[in-house]
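Trainee: I have a protein model open and want to learn how to read it. Where do we start?

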Amino acid sequence: MTSPSPPVEQLASFEDKAQHEEIESAQPGFGLDPAEVAAHAPSLRGRRLTAALAFVAGTGFTLFGYDQGVMSALLTANQFEDTFPQVIVESSHPNHATLQSFLIAIYEVGCLTGALSNLWIGDKLGRRRTIFLGGWIMIIGAIVQTASYNYWQLVAARIFTGFGNGLNTSTVPTYHAECSPAAKRGKLIMLEGSLITFGVTVAYWFDFALYFSTGSSAQWRVPIALQLIFEFIMVICVGFLPESPRWLMKHGHHAEAMAVISALEDKDPSHPEVQRTYYGIREAVAIENDVLPNGEKDSSPNAQMRSNKASLRELLTGGRSQNFRRATIGVVCQMMQQLTGINLITYYATILFQRLGLSDVNSRIMAAANGTEYFLASYIAYALVERVGRRTLMLVGTAGQCVTMLLLAILGSINNGPAQIISAILLFAFNTFFAIGWLGMAWLYCAELSGLRIRAPANALSTASNWTFNFVVVMVVGPSFNNISWKTYIVFAALNAAILPVIYFFFPETGGRSLEDMDVVFAFAYNEGLDPVKVSLRKDIPLAGSPEADEILGVNPGLRSPYGTSTPTTPVDP
């Protein structure tokens with residue numbers, strides 16, 4: 001039998017450690033069987049696997065955008081009004097403005113319920129199965145919506161469809177982030193944001209194309225039914241993708257996790273980069289499985305026997321993990337995305353252009369053009385997100401939105417021909433600034449921020465925050481315009497102004513770091529009593545999986561060797 005090798009921590013470099021651990025992993029009692037890793041290898045690898053993941057995630061967010069945009073023009077379509085007269089806003093029925101807003105906003109209640117349900121089922125089912133379940137719920141809901149013949153049937157169907165969308169929107173960004181390399185993660189998830197606007201654009205143009213079918217209910221039933229195409233593509237294709245390696249590792253499927261990491265990086269499992277990624281995730285799992293409810297590390301022998309299921313109380317803990325701070329930032333981020341006022345335009349674009357004096361046809365053309373420009377503008381963020389970082393784009397986008405809303409209020413008070421023309425242009429400008437700063441950013445940022453153990457419940461809460469304030473905004477906007485008209489824009493100008501200091505002082509930079517690197521950033525800030533925002537902007541923070549990161553995180557180096565254990569310990573001086 002081979003004699004024991006020197007302990008891993010005495011080797012000169014990480015590459016040497018990775019090679020040593022590969023040799024040791026073949027010894028009885030240590031880790032991974034190469035045959036078992038090979039047996040779990042996905043059918044796709046490298047760029048093909050990355051493209052397939054992006055396609056499925058993108059389809060999910062195209063569906064998200066389509067559902068947001070499809071009702072905009074339908075609200076004033078004659079066949080829709082004939083079937084659902086409660087949406088006709090007129091002086092003889094003053095409550096119809098509320099019923100119109102309720103029909104739109106109730107979808108967000110379903111989405112909120114779906115997102116919150118991920119607190120309990122997200123980690124249990126895994127990322128792929130949750131997306132699959134959400135997709136099938138949306139399919140059933142879309143069929144019922146298409147077949148609706150009265151207002152309350154449509155309301156119920158929109159709640160049900162929203163539930164499925166809530167499951168998907170709280171899972172897809174997490175799944176995509178966990179399967180993406182740090183250098184490309186920002187662009188890949190910002191692409192999802194672009195595809196939200198693509199879905200909105202498709203909905204606007206399709207609504208316009210069917211607008212002229214004034215003698216048939218196909219005018220509104222076909223646009224609603226079109227979402228079924230995206231839903232079937234998503235549920236079929238997700239079945240061919242691997243599970244997230246982070247979820248697999250967390251639930252003890254180490255060989256399968258290694259196989260997926262190897263396929264994602266298109267390198268052999270023995271390659272040093274694959275090894276570092278594997279041990280970085282394993283390190284995070286070891287730490288987070290040993291967290292006590294008070295935030296301290298449990299060094300007892302029973303620590304490793306604790307269930308992998310995260311307690312919701314852990315969202316309230318501090319310590320090195322800083323779970324409460326990270327979960328709170330995510331919730332606030334998604335809340336602020338909605339308080340910018342984007343869905344004032346997305347859901348009511350056609351009506352807004354009609355308020356500026358355009359005809360029914362021209363208002364629909366302008367709404368569709370607005371959606372198209374929105375889609376094109378989203379590629380500005382795609383090109384810049386890895387170059388300038390997350391914080392800069394959010395700050396620039398929010399400042400632009402604030403100024404745009406203020407100008408819309410001023411021009412609304414003037415309300416003459418030239419002012420209406422400039423206002424129409426400013427609606428395009430607002431969408432451009434939102435696409436740069438918030439469209440995909442909120443989903444990317446929240447998926448990057450939380451630690452592995454609480455990532456699913458934290459993202460469920462942040463997504464629930466998004467849908468809660470989405471509901472509030474959409475529900476309030478209709479009656480607000482009826483009562484205070486252009487002064488509504490002043491409210492959103494003030495909200496955007498208030499968002500700026502929150503981003504600057506409380507939002508750490510996540511760009512250029514792996515998901516596990518963010519654990520090191522928060523642990524270093526906690527250990528040294530520093531501001532996590534300032535630490536996140538430093539370039540000297542060790543990478544996750546390195547010996548230096550072990551010390552910061554309080555991980556016993558034995559995690560990296562068959563001669564030790566993974567019991568967390570207090571940092572020791574080098």
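Mentor: Start with a surface patch. Helices α6 (127-146) and α11 (227-237) each supply at least two residues of a nonpolar patch. Helices here are DSSP runs of H or I with at least four residues, strands are E runs of at least two, and both are numbered from the N terminus. The model is predicted: local features need pLDDT of at least 70, side-chain atom pairs count only at pLDDT 80 or more, and totals for chains, interfaces and linings use all residues. Residues are numbered from 1 along each chain as its sequence is written, and side-chain values use heavy atoms, with hydrogens and water left out.

Trainee: Which residues make the nonpolar surface patch?

Mentor: First, the rule. A patch takes residues with over 30% relative accessible area and no salt bridge; like charges are joined within 9 Å, and nonpolar side chains (Val, Leu, Ile, Met, Phe, Trp, Tyr) within 5 Å. Accessible areas come from the Shrake-Rupley method with a 1.4 Å probe, and for residues only the protein chains shown count as cover. Here Phe 132, Trp 136, Phe 232, Ile 236 and Phe 240 make a patch of about 530 Å². Ile 236 sits in helix α11.

Trainee: How many helices and strands does the protein have?

Mentor: There are 26 helices and 0 strands. Look at α22, residues 452-484. Its expected span is 1.5 Å times one less than its number of residues. With 33 residues, α22 reaches 46 Å from first C-alpha to last, close to the expected 48 Å.

Trainee: Where does α22 kink?

Mentor: A bend is the angle between axes fitted to the seven residues ending at a residue and the seven starting there. In α22 a kink of about 35° lies at Val 477, shortly before Pro 479. Just after α22, Ser 485 takes a positive phi of about 50°.

Trainee: Is Ser 450 buried or exposed?

Mentor: Buried means under 20% relative accessible area, exposed over 50%, and partly exposed in between (1.4 Å probe, protein chains only). Ser 450 has 2% relative accessibility, so Ser 450 counts as buried. It lies in the loop between α21 (441-449) and α22. Leaving aside residues up to four places away in sequence, Ser 450 touches Arg 326, Arg 455 and Ala 458. A contact means heavy atoms within 4.5 Å.

Trainee: And what does Leu 543 touch?

Mentor: With the same exclusion of residues up to four places away, Leu 543 touches Arg 276, Asp 517 and Ala 549. Leu 543 lies in the loop between α25 (532-536) and α26 (547-553). Its relative accessibility is 43%, so Leu 543 counts as partly exposed.

Trainee: Which residue forms a salt bridge with Asp 519?

Mentor: A salt bridge is a side-chain nitrogen of Lys or Arg within 4 Å of a carboxyl oxygen of Asp or Glu. Asp 519 pairs with Arg 326, the closest N and O atoms being 2.8 Å apart. Asp 519 is in helix α24 (residues 515-528) and Arg 326 in helix α15 (residues 323-339), so the pair ties together parts 193 residues apart in sequence. Both residues are buried.
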